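Thanks for making the time this morning. Please bring the structure up on your screens, and I will go through it piece by piece.

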Amino acid sequence: MGKPHAIMVPFPMQGHIIPLMELAQCLAKHGIRVTFVNTEINHDRIQALSGKEVLNDRICLVSVPDGLESRERYIPGKLMETVYEIMPGNIEELIQEINASNEDKITCVIYDQCLARIQEVAEKLGVGSAAFCAAAAALLVLGFNIPRLIEDGIIDNEGSPLSNNNNIVQFNPTMPIISPSDFVWNRSKISALQKLVFNIMKQNNKFMKSANWLICNSVHDLEPGAFAVATNITPIGPLLSTNRPGNLPDHIHEPDSDCLKWLDQQPPCSVIYIAFGSTTIFNKNQFQELAMGIEQSNRSFLWVVRPDSDKDFPDGYSDRVTTRGRIVGWAPQQRVLSHSSIACFISHCGWNSTLESVSSGVPMLCWPYFADQFINRSYICDSWKIGLTVDEDENGIVKFDEIKAKIDRLFEEDVFKERTLCLKEMISSSASEGGDSYKNLSSFISWIRG
Ligand code: UDP
């Protein structure tokens, strides 16, 4: 009999690839063979950065088409819609190909829960399955509750908040308080995309029910309420590459490592780190207000401005901030956040960024933009109380003086740092031998090893 062999399929976006790749490394360390599947475009980017096809003798990176034509890549939602349709077929073919030519046959499929239709392939081929959630468990709980939300008249059959409905929803006293307009699917400005996300979430619930495992990159004590109401979710996080030595070829952008040398020269807890993940883009006005807010704070900063964003800096900006600021296209974020010079993180509240910040003991200034980022903000500001949120003015703009005022508070009020350090400690013990996440991950690995 061959070795256990897992095929792992992330949703094709940076924030989904990073934690699943980390899980792949854990499995490989425990003697499990892994075939890690990226879409061609992401595969080529990762290859270009890592320069090798096979990571070690246990992990093999392979690629499948994403089914998009170039022009379709700019249509919001097209990627989600297309990979949802074609990925199950791609994976079935790939498994058959691997099984025909390999003595280590595929024994289990680990798929991103956004691609839960792959569950049908696992069942058809008779292999084990695990759905992986790269977001907070609260997001899954929200999805599971869609029928109840409709029944209770909170949303209609298409997910929209019912008119004159000012309800806020909280599924458990320690869970985020969310208003229906902040439900993930409603946080898109395009109505076709709202419907798509809503429908996919409903379908995913059905598929995930049949998975052998539903694992989540979270920690029990961060979300006790979510795990109490959905006992089928197993937290195995945080999956962080800083837990492991060596470079991970999990980035699809080249990180600028020189900024770490610059951070080495800064005093402890003195630098603001600003980054909005892999997709968030500001409009020109908002970008300029942010630039001014950072400048007016009069503090040192490291700011990620991705090459694909409009870099509309105010006139003379670079010259004015050059002595105390660094602007990079992509940072080695986990290493930045764990650097002693970082005081706070201005973030869009993506779940990975949130976990990375909390695990490094860094308080956050929350600036959610779409999807689950509003749920995460509620955790950060209302449940854990380790950060503040920026408020928009009556025109929907976050002004520079608001940004400066909130940065000042994070620097001046020690309580945010104190609470974040407590959470950091808690997360670290959960991932250490004997902790909840450690035990869960060990059971999952034992199951794969059979
Ligand atoms: N990231 C990074 N360098 C950057 C910006 C982001 O390495 O300059 C990483 C970050 O560490 C995180 C991921 O990209 O692991 C972003 O995931 P998240 O869930 O926070 O946001 P998303 O990109 O999915 O919106």
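Let me begin with a definition: I call a residue buried if 20 or more other C-beta atoms lie within 10 Å of its own, exposed if 12 or fewer do, and partly exposed in between, with the C-beta atoms placed from the backbone. Helices (H or I, at least four residues) and strands (E, at least two) are DSSP runs, numbered from the N terminus. This is a predicted model, in which local features need a pLDDT of at least 70 and side-chain atom pairs count only at pLDDT 80 or more, while totals for chains, interfaces and linings use all residues. Residues are numbered from 1 along each chain as its sequence is written.

With that in place, which residues of helix 4 are buried? In this helix, which covers residues 118-125, they are Ile118, Gln119, Val121 and Ala122. Seen down the axis of helix 4, these buried residues fall within an arc of 160° (the arc of the directions from the helix axis to the C-beta atoms), so they line one face of the helix. As a reminder, an α-helix has 3.6 residues a turn, so residues three or four places apart point the same way. The buried residues of helix 4 pack against strand 1 (5-9), helix 3 (78-101), strand 4 (108-112), strand 5 (128-133) and helix 7 (191-208), where a contact between two residues means that their C-beta atoms, placed from the backbone, lie within 7 Å. After helix 4 comes Gly126, with a positive phi near 70°.

Helix 5, residues 137-144, is mostly covered, since 7 of its 8 residues are buried. Those buried residues are Ala137, Ala138, Leu139, Leu140, Val141, Leu142 and Gly143.

Stepping back to the whole protein chain, the secondary structure comes to 17 helices and 13 strands. The radius of gyration (taken over C-alpha atoms) is 22 Å, close to the 22 Å that the globule rule (2.2 Å times the number of residues to the power 0.38) gives for 450 residues, so the chain is as compact as a globular protein of that length. Along the principal axes, its C-alpha atoms fill a box of roughly 65 × 55 × 50 Å. Buried residues make up 46% of the 450 residues, and of the contacts with a separation of 6 or more, 68% are between residues 24 or more positions apart.

How far does the predictor's confidence go? The pLDDT, which is the predictor's confidence in each residue from 0 to 100, averages 92 over the protein chain, and 95% of the residues score at least 70. The model scores ipTM 1.00 and pTM 0.95. Over residues 243-248, however, pLDDT stays under 50, and the model has 4 contacts beyond four places in sequence for them. Where pLDDT is low, the predicted coordinates should not be read in detail.

Of the 18 residues around the ligand, Gly15, Gly277, Gln333, Gly350 and Ser353 come nearest. Helix 1 (14-29), helix 12 (333-337) and helix 13 (351-359) each supply at least two residues of this shell, and helix 13 gives the most, with 4 residues. By class, the shell has 7 nonpolar, 10 polar and 1 charged residues, counting Ala, Val, Leu, Ile, Met, Phe, Trp, Tyr, Cys and Pro as nonpolar, Asp, Glu, Lys and Arg as charged, and the others, Gly among them, as polar.

Finally, some backbone details. Most residues other than glycine have a negative phi, and most peptide bonds are trans. Which bond is cis, with omega near 0°? The peptide bond from Gly237 to Pro238 is, and Pro238 is found in the loop between strand 7 (233-235) and helix 9 (258-264). Cys269, although not a glycine, has a positive phi of about 45°; Cys269 lies in the loop between helix 9 and strand 8 (271-275) and, with 13 C-beta neighbours inside 10 Å, counts as partly exposed. Asn298, in the loop between helix 10 (284-296) and strand 9 (300-304), has a positive phi near 60°, and with 10 C-beta neighbours inside 10 Å Asn298 counts as exposed.

Note on methods
A residue is near a molecule or strand if its C-beta atom, placed from the backbone, lies within 6 Å of it.
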